[in-house]
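Here is a short walk through one structure. Start with its pockets, then turn to the ligand.

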Amino acid sequence: MDTLDQPTALLPGDVRMPLLGFGTWQATGEAGHAAVLAALDAGYRHVDTATMYGNEAEVGRAVRDSGLRREDVFVTTKLPPDRVGRERETIESSLRALGLDHVDLWLVHWPPSAASDSIPVWRELIAARDEGLTRAVGVSNYGTAQLDELIQATGEVPAVNQIRWGPSLYDRRRHAEHRDRGVVLEGYSPFKTTDLSDPVLTRIAAAHDVSPAQVVLRWHVDHGIVVIPKSVTPERIRANADIWGFSLTAEEMRDIDALGG
Ligand SMILES: NC(=O)c1ccc[n+]([C@@H]2O[C@H](COP(=O)([O-])OP(=O)(O)OC[C@H]3O[C@@H](n4cnc5c(N)ncnc54)[C@H](OP(=O)(O)O)[C@@H]3O)[C@@H](O)[C@H]2O)c1
C-alpha cells in the first residue's frame, strides 16, 4: 500500500503523518529488525523509535532493506531526558544510527525534569527542524499546560504530543484541547491500556468479523488519532495493519468512548 492510500494527519510544513504507525519499544536486535521489515511488508509506512529504545540501527537497516523509497516511510525518534543540553549531538547520533539524513518527526520523549529546561530544549528542537535534520518537531508525555508553556514562549506549536491512550483512557476534553491548539494527538500503548476481552469490544469485533485489537486500532484512526501498536509476532503485525476493510458506526464509537468512564 502506498503512503498516500492511508489516512494521514497533516503536520505543519505539509508533512503527512500516517495515522497507523509501528511501535518498536522492546523490539531490539535481530527481532527488532525482522519486526520492522515485516511491518513495512505488511503495509505500515510509519515507524516509531527513540534513542532510549536502543534499536535505531536495526530500524534504519530495516527501512533500507524494505526497498521502499525514503519519502514513503515516516520515521519518528525521540530525545531522552538525560540528553538535555546535548540535543544537537543526540539527533546527529540518531541519524547516524538510523543511516538517514533526516527524520520526519523528532519528539522530546518526556518533559525535562527541571522545568526551567523546557523552553531551551524546545528551542533546540526547532533549530534542528530549521536546519533540516527533522521535518517536524513535537513532544511526548506533555500535559496541556506544558504544551501552552511552549506555545506561549516560542509561538511554535508542537506538531504532535505522543501520550498513553486507549479506550480506557479516552478523555474527550483532552482530545479537544489538542485539536484546539493544532497539536496532533498520537496515542501509545493501545493494547497495554486495554482489556481486549471487554464485552463492548468483543461485541463490536464480532459484528465486523474482526478482532478486538483491530477494533481498538480502528477506533483511534476514526477519531483522527495516530496509533502505533507494537508487535514482534508476524501474524499480529499483519492483523494490526489490516484495519482498512471496516469502519465503526457513530454508535459503536460512542460505546467505545464510554469505556473511558
Ligand atoms: N512516548 C513514550 O513514552 C512511549 C511509551 C510507551 C510506548 N511508546 C511507543 O508506543 C508503542 C506501542 O506501545 P507499547 O509497545 O507500550 O504497547 P502496545 O502496542 O499497546 O502493546 C504491545 C504488546 O501487545 C502485544 N500485542 C500486539 N498485537 C497484539 C494483538 N493483536 N493482540 C494481542 N496482543 C497484541 C505485543 O505482543 P508481541 O510483541 O509479543 O506480539 C506486546 O506485548 C511502543 O512500541 C513505542 O513505540 C512510547
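What volume does the second largest pocket have? The second largest pocket has a volume of about 180 Å³. This is a predicted model, where local features need pLDDT of at least 70, side-chain atom pairs count only at pLDDT 80 or more, and totals for chains, interfaces and linings use all residues. Residues are numbered from 1 along each chain as its sequence is written, and side-chain values use heavy atoms, with hydrogens and water left out.

A pocket here is an open set of points on a 1 Å grid over the protein atoms alone, where a 1.4 Å probe fits, with protein on both sides within 12 Å along at least five of seven lines; lining residues have an atom within 4 Å of a point. A volume is the space filled by probe spheres set on the points.

Among the residues lining the second largest pocket are Phe-191, Lys-230, Ser-231, Thr-233 and Asn-240. Helix α9 (residues 234-241) gives the most to this lining, with three residues.

Now take the largest pocket. Its volume is about 430 Å³. Of its 19 lining residues, Trp-25, Tyr-53, Tyr-188, Ser-189 and Lys-192 are the closest to its centre.

The ligand sits in the largest pocket, meaning that more than half of its atoms lie within 2 Å of the pocket's grid points. The side chain of Gln-162 has an N or O atom 2.9 Å from a ligand nitrogen. For Lys-230, an N or O atom of the side chain is 2.8 Å from a ligand oxygen. A polar side-chain atom of Asn-240 lies 3.0 Å from a ligand nitrogen.

Conventions:
Polar contact = N/O pair within 3.5 Å; in protein donor to acceptor, adjacent residues only side chain to side chain. Helix = DSSP H or I, 4+ residues; strand = E, 2+ residues; numbered from the N terminus.
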